[in-house]
Amino acid sequence: MASRSQLLLVASVITLCFSSAVNAQTFQNEKYGQEDKFRQLEEILPTPNVYRTASGAPGSEYWQQRANYVIDVELDDEKQRIIGSETITYSNHSPDTLSYIWLQLDPNINTPDSDAALTATPPSFDRMSIGALDRLLVRESFDGGVKIKSVKDAFNNPLEHTVVKTMMRIELPTPLASGESTKFSVAWEYNINNAKLVGSRTGYEHFEEDKNNIYEMAHWYPRMVAYTDATGWQHKQFLGRGEFTLELGDYVVRITVPNDHVVTATGVLLNDEEVLTDEQRQRLKDAETAKTPVFIVTPEEAKKNESNKPTGKKTWIYQADNVRDFAFASSRKFIWDAQLHNLEGNRVMAMSLYPNEAEPLWSKYSTHSIIHTLNVYSRYTFAYPYPVAISVNGPIYGMEYPMICFNGPRPEKDGTYSKRTKYSLISVIIHEVGHNYFPMIVNSDERQWTWMDEGLNTFLQYLAEQEWEDDYPSRRGEPKDIVPYMRSRNQMPIMTNSESILQFGPNAYAKPATALNILRESILGRELFDYAFKEYARRWMFKRPMPADFFRTMEDASGIDLDWFWRGWFYTTAHTDISIENLRIHTVKSRDPDVENKLRREERDDEPTTLSESRNKELPKRVDEYEELKDFYNSFDDLEVTEDDRKAFQRFLKGLDDHEKELLESKQYFNVVELRNIGGLVMPVVLKFEFEDDSSREVRIPAEIWRRNSEKVSKLVITNKPVKSVTLDPHLETADVDLTNNHFPRRPVKTRFELFKSQQQSRNEMQKQKAAEKKANDEKDKSKKKDK
């Protein structure tokens, strides 16, 4: 047992380390009283090594593990169950010897005693819908946890294993050395959650009218935990917010379903001759040359299928190479449309599956949205490498997996839809299909860093939306749209673990997307940004980047120091609020006494008369009563130009050369703009000068103007015309939270208010009782009159 002095020493060291870590973030200079906003991030970012370089690229000895799967799974439509068995071949490319391995059992999040359930905070009980109460009670009782039936090695021998909440550790009989592989099998089953009652990223939707289900199945099989150079085993428990960290591999999956179901999945269908009709196969062939989506299963056929009863089972076999996950969807309700799209030589079959309840919205927009996404994202990153891209309508509003995504928006029952529903559908499909790039291919650690896929993907989603049509109603990306969040109080930095984030959507989606848009438009410019962003995507294609790799690559490929930007936007909760405090306008004095004294006289005459001066003017003056009191100074004008003044000016001119005379005659205006940083975030300064002749000029100043003083700074701007006013951030490109101080002179704040007629005062309890009594008496009188 450690002594008390040893424990105190350890506590002191821990405190010192913690304090150092905090100070490393703030860097307060006590002799200057300011934080160094431009201090380099080297003290925070991990040290470069042979796995990850200082340039942000994978190192010469970069490695990652690989897991290949062969899976047999049955979907029990009667009992809503998954019954599966898999064989995993796991390859150890790390330099380490592994004595055990870890698997993820994500369905265990759907047990009443899961960490996610036990740590859930209560809803508001002031007002609750019947549906919300139903979901609350079902969540207390539903058991969707994985039941492990067996874990065996390649020789069918049982392997010792331990389930730890949403993870499972398997003890290896022989340690797995670097460069070796191991093969083992797992058999399991679990109950599928009704996604409308037990919210999740997977589940089924039941249609009471026709008694059918749509299944959208994700994280349905035991998956290898990622083992990386940065984290070792990434077995942080699945709590719901932090998504997935996975290894790439090849899959062969045999999916057994009722024989009237249509199944779509990650990868390519291998046995189309066995599961599709000749007509469906011909329609798929037609889709290869079609200019618009072709129905493989028509709405009429899908409607007819709804009344079918299965006569047996059918197995659909899919193969997917070099993917990090596998998802599928199954239902007899599916309409299916498809169109082949040639993307830089890669023939991609874009497909959508959806029930009749999704029409007419889905056949009009879904597959078009897929193709549009592939075009735009590929231009900014790399050509889409997979053979299919699929969008499925079901109970999950928006979730992404390799080659397939689940999207929720539908029209009303009468087929009409709102503007919001239309654009929500297009946007969610762009977003979820876009996730193929981040994190399915650029394989970041979602469990740790949500922003690395959601933020980057939301940024590209914004670019894709803007290429869909003019004035597309994007929700995220424009700096002006992030202002309410940036102004808010309950925030965490972007660089916060996925499970600890406050205001999840604004923090992990909108803020990083907006930051990248600002970086592209206002700091690097489109050409530099696009080159650097594409370099990052291509460097880390089918690899696992960490935040430092992104930060370093963007600097490395652009040639611009961005540490100040990452520090402010990603490591702090500071916001932009820069104020124009003053504008001082200087001109060169001509030294000509006739010119200068005239100007001084005009300035003197333009001075306002004070109240006392105006009232004292009518008072009788003593010098008027006694003229002898007046002398030379009563009529002397100190601005009167004398001949001596003129001669002195001429002597001054003779002492100047031609260039000096040109400078003296300069008509330029030296405008000094005084700026104050109220919000704390250092940003570029964009100024618009409006002149007295109603013309204007913009001046763009890099953020480095704040490098020596991040609180106050002045900027000289020389103009040839007199300035009438100055506006800061005229194009709303810096997410400035207070525009009232962005003008000099200040502008009046204009608002409009709504008039309403005062409502009649509500009745008190006595008035209500009297009214009730009167009503009762009136009814009695009516009854008596009837009897008579």
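Reader: How do the residues of the lining of the largest cavity divide by class?

Author: This is a predicted model. The lining of the largest cavity divides into four nonpolar, three polar and three charged residues. Its volume is about 60 Å³. The lining residues include Glu35, Lys37, Trp564, Arg567 and Val682.

Reader: Which helix gives the most to the lining of the largest cavity?

Author: Helix α15, residues 563–571, with three residues.

Reader: How many cavities of 30 Å³ or more are there?

Author: The count comes to four.

Reader: What other domains does the domain assignment give?

Author: Domain 3 covers 66–95 + 102–118 + 135–448, and domain 4 covers 751–788. The C-alpha centres of domain 1 and domain 4 are 62 Å apart.

Reader: Now helix packing. At what angle do α7 and α10 pack?

Author: Read the angle with the axis distance. Helix α7 (residues 361–380) packs on helix α10 (residues 451–466) at about 115°, and their axes are 10 Å apart. The crossing is right-handed.

Reader: Which residues of α7 and α10 meet?

Author: From α7 come His372, Val376, Tyr377 and Tyr380. They meet Asn457, Leu460, Gln461, Leu463 and Ala464 of α10. By class, this contact has six nonpolar and three polar residues, with no charged ones.

Notes: Residues are numbered from 1 along each chain as its sequence is written. This is a predicted model: local features need pLDDT of at least 70, side-chain atom pairs count only at pLDDT 80 or more; totals for chains, interfaces and linings use all residues. Side-chain values use heavy atoms; hydrogens and water are left out. Axes are lines fitted to C-alpha atoms, for helices over the stretch in contact, and angles run from 0 to 180 degrees between N-to-C directions. Helices (H or I, at least four residues) and strands (E, at least two) are DSSP runs, numbered from the N terminus. A crossing is left-handed if the near helix is turned anticlockwise from the far one by less than a right angle, and right-handed if clockwise. Contact means heavy atoms within 4.5 Å. Ala, Val, Leu, Ile, Met, Phe, Trp, Tyr, Cys and Pro count as nonpolar, Asp, Glu, Lys and Arg as charged, and the others, Gly among them, as polar. Domain bounds come from an automatic or database domain assignment. On a 1 Å grid over the protein atoms alone, a cavity is a set of points where a 1.4 Å probe fits but cannot get out, and a pocket is an open set with protein on both sides within 12 Å along at least five of seven lines; lining residues have an atom within 4 Å of a point. Grid points are joined across faces, edges and corners, and a volume is the space filled by probe spheres set on the points.
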